[in-house]
Amino acid sequence: MADQPADKKFFENLSGAGKAIGVLTSGGDAQGMNAAVRAVVRMGIYVEAKVYFIYEGYQGMVDGGDNIVEVSWESVSSILQVGGTVIGSARCKEFRTREGRLKAAFNLIQRGITNLCVIGGDGSLTGANLFREEWSGLLEELAQSGKIEEEAVKKYVYLNIVGMVGSIDNDFCGTDMTIGTDSALHRIIEVVDAIMTTAQSHQRTFVLEVMGRHCGYLALVSALACGADWVFIPEYPPEEGWEDQMCVKLSENRARKKRLNIIIVAEGAIDSHNKSITSEKVKDLVVQQLGFDTRVTILGHVQRGGTPSAFDRILASRMGVEAVLALLEATADTPACVVSLSGNQAVRLPLMECVQMTQEVQKAMDERKFCEAVRLRGRSFENNLNTYKLLSHRKPDTELPKDHLSCSTNFNVAVLNVGAPAAGMNAAVRSAVRVGITEGHTMFAVIDGFEGFANGQIKEISWGDVGGWTGQGGSLLGTKRTLPAKYLEKIADQMRTNNINALMVIGGFEAYESCLQLAEARARFEEFCIPICVLPATISNNVPGTDLSIGADTALNAIVETCDRIKQSASGTKRRVFIIETMGGYCGYLANMGGLAAGADAAYIFEEKFDIRELQANVEHLTEKMKTSIQRGLVLRNENSNENYTTDFIYQLYSEEGKGVFDCRKNVLGHMQQGGAPSPFDRNFGTKISAKAIQWISKKLRETYRRGKVFANTEDSVCLLGMRRRNLLFQPVVELKDQADFVHRIPKEQWWLKLRPLMKILAKYKTSYDVSDSGQLEHVARHSPKEADTGAI
């Protein structure tokens, strides 16, 4: 192994030898729990610990016997794509009693298990913490009754607990996303998209009831993701007289030729008098007051079902590996912790701080302190709610004051798409148009990128023009890869003709490069001395200055769904290996993260050079695995990973070397990765960052408006809005130049390369893994509203 930098911390120094880890799932099931179980098992075995399944949650721990079983590497093969939990989950009254916990402690001691990984909700995790606090007392009691030796009391002196939150409701404080939430949103949005087509055929109103007895996250985010007319959530009861307001809004929308209305109700929704608002009550109101043809759909357990999304698989895999690291590092003094997600970073938080804050939310709601409840839910929830308010409560045009921006000018803001189409672009355009109109601007749409701009394909776009855009894939404005450099004079003329005061450019590396060219052309063309903002939108996720781009999540889901189907196609046949080529240009994000989410054995990317020796080693590794009970192998290759080791070459190599053990098939996924309806993440991410960008543009317009005109020529007036680790940041495009590799069109440093070893570990390769970012137990942040919000959905 190469010499390791002295300032980094590597997990090879952490050994699990002699340790036993028990993994259980408890409470309600959630998609992605199996991915977490798989990661815990494989990481545990990798560090030479023994790993045990505890079937049926705490009930299995209390009952013991065959419910606690040591597992092997193959035990978790092919469970990554399975919804629910293969080890079962159950509510257990007995564990709530000391007698029950005494039985559980005895069963764990019999197998030497003193490390527990609990995947569940706040109730399950609270129970685990109590168990940990009582542990030494329980052991002493067992010793006194003669059930265990005194030696065992000394040997197994403390119990380590690490939690992962599996809950579709996303109701646990301290984490932006819980395992299962994104998949539940996928189920909801699939239903909404299906309903929209039938509702438009008949001019219907649909009332959708989604889960969330105490937390309105699913309802709120799905309302944002489908552009619902109205949403009811427990944390934000409607004002007095909401019945009339809602009906006025519905009838206004119908009058604007909108053929359908969607109302989303969280099952725990309440009014300002704490009375329940049910889907039936909402339906009756619409029928009585408006006479609209109205239907109710209660989604129920559909939301818990189906395969986990790519996001949930990656999240659960990251969390599972992090949980094992936390267990290996734990001492007698380490408090029980929960591994969670903050922005785009895995963090560890004291379990009871998170539980306490989660309980405080409920207390605030019981005391009718709803603003406090929203704040305690965290930055992600608060930002979603603020974005929803911005986009949904439109004032009629007559009510918008002309001096809305405290200056006499009504600013003109243009929006355009540049580069290849990416799912979520339309959601971003819709958000920009509606927030811009709310801010008092006149919004213009540019057709076909900078080429269209030069040709004068610019038109004013209104509130109603972007109705129903959130769920549309591709780019409704049209998009071209053409950079503005050769059209600068024509574009400047068009900007002058249309009096464009600000520009929002949505797209990939070309969009970033375009804005760089406009910034550099300011000395020649005063027309470009205006606020300009770039929103990263590309399936390749190759834009400098951001960890995530609009569209990449949808592409990742397309890859993972296809890999699932391809692997399933070999079910019941002889052993088979699939070689799959992904898009991404020179950026290996899709191949690497798709590999992690689909359980690939290898992913070849441009950023990590490989040679014939590595290819040979991979084939041999796969051949050995195929001699066990494992039936299928998966190898991903990024399209530009190597000009000589092509997909055909790798396919032929594996075919030849695997003869007699497995056969091979290859697939080039191609443009299907760019198509399809946007995922909930991309709809929401596009909607939120676009709203944030328009607010930034408004601020810059106010700052740069002097003597009747806008003049902005500082570096910080041409920015890219990107998510970096935990925050959304506006970064001058000029400053990002040094971070970009313009030849290969990728950022010089990419965060996801740090996750590359995870895929290798979970595929049974020996590798080095830098865990310098891990290990620090943080405290739950009680943020002030002024803090920058995260970009997590």
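Is arginine 98 buried, partly exposed or exposed? Arginine 98 is partly exposed, with a relative accessible area of 35%. Here buried means under 20% relative accessible area, exposed means over 50%, and partly exposed lies in between (1.4 Å probe, protein chains only).

This is a predicted model: local features need pLDDT of at least 70, side-chain atom pairs count only at pLDDT 80 or more, and totals for chains, interfaces and linings use all residues. Residues are numbered from 1 along each chain as its sequence is written, and side-chain values use heavy atoms, with hydrogens and water left out.

Helices (H or I, at least four residues) and strands (E, at least two) are DSSP runs, numbered from the N terminus. Two strands pair if DSSP finds at least two bridges between them.

- S1 pairs with strand S2 (residues 50-54) in the parallel sense, over 4 bridges. Alanine 20 stands opposite lysine 50 in S2.
- From S1 the chain crosses through helix H1 (residues 33-46) to S2, and this β-α-β crossover is right-handed. That term means that, with the strands pointing away from the viewer, the path from the first strand over the helix to the second runs clockwise.
- S1 also runs parallel to strand S4 (residues 115-120), joined by 5 bridges. Valine 23 stands opposite cysteine 117 in S4.

- Strand S13 covers residues 442-446. Because 5 of the 5 are buried, S13 is largely enclosed by the rest of the structure.
- Thr442, Phe444 and Val446 point one way from S13, while Met443 and Ala445 point the other way.
- Strand S12 (residues 412-418) pairs with S13 in the parallel sense over 4 bridges. Valine 413 has methionine 443 in S13 as its bridge partner.
- Helix H14 (residues 425-438) carries the chain from S12 to S13 in a right-handed β-α-β crossover.
- S13 pairs with strand S14 (residues 458-460) in the antiparallel sense, over 3 bridges. Phenylalanine 444 has glutamate 460 in S14 as its bridge partner.

**Salt bridges**

- Side chains of opposite charge can pair when their charged atoms come close.
- A salt bridge is a side-chain nitrogen of Lys or Arg within 4 Å of a carboxyl oxygen of Asp or Glu. By this rule the count is 35.
- Glutamate 134 and arginine 98 meet in a salt bridge (3.8 Å, N to O). Glutamate 134 is in helix H4 (residues 122-144) and arginine 98 in helix H3 (residues 98-110), 36 residues apart. Glutamate 134 is buried at 16% relative accessible area.
- Arginine 496 and glutamate 527 also form a salt bridge (2.2 Å, N to O). Arginine 496 is in helix H16 (residues 488-497); glutamate 527 is in the loop between helix H17 (509-520) and strand S17 (532-536). Glutamate 527 is buried, with a relative accessible area of 18%.
- Glutamate 510 forms a salt bridge with arginine 745, the closest N and O atoms being 3.2 Å apart. This pair links distant parts of the chain, 235 residues apart. Glutamate 510 is buried at 9% relative accessibility, whereas arginine 745 is partly exposed at 28%.
- Salt bridges that share partners join Arg98, Arg101, Glu134 and Glu141 into one network.
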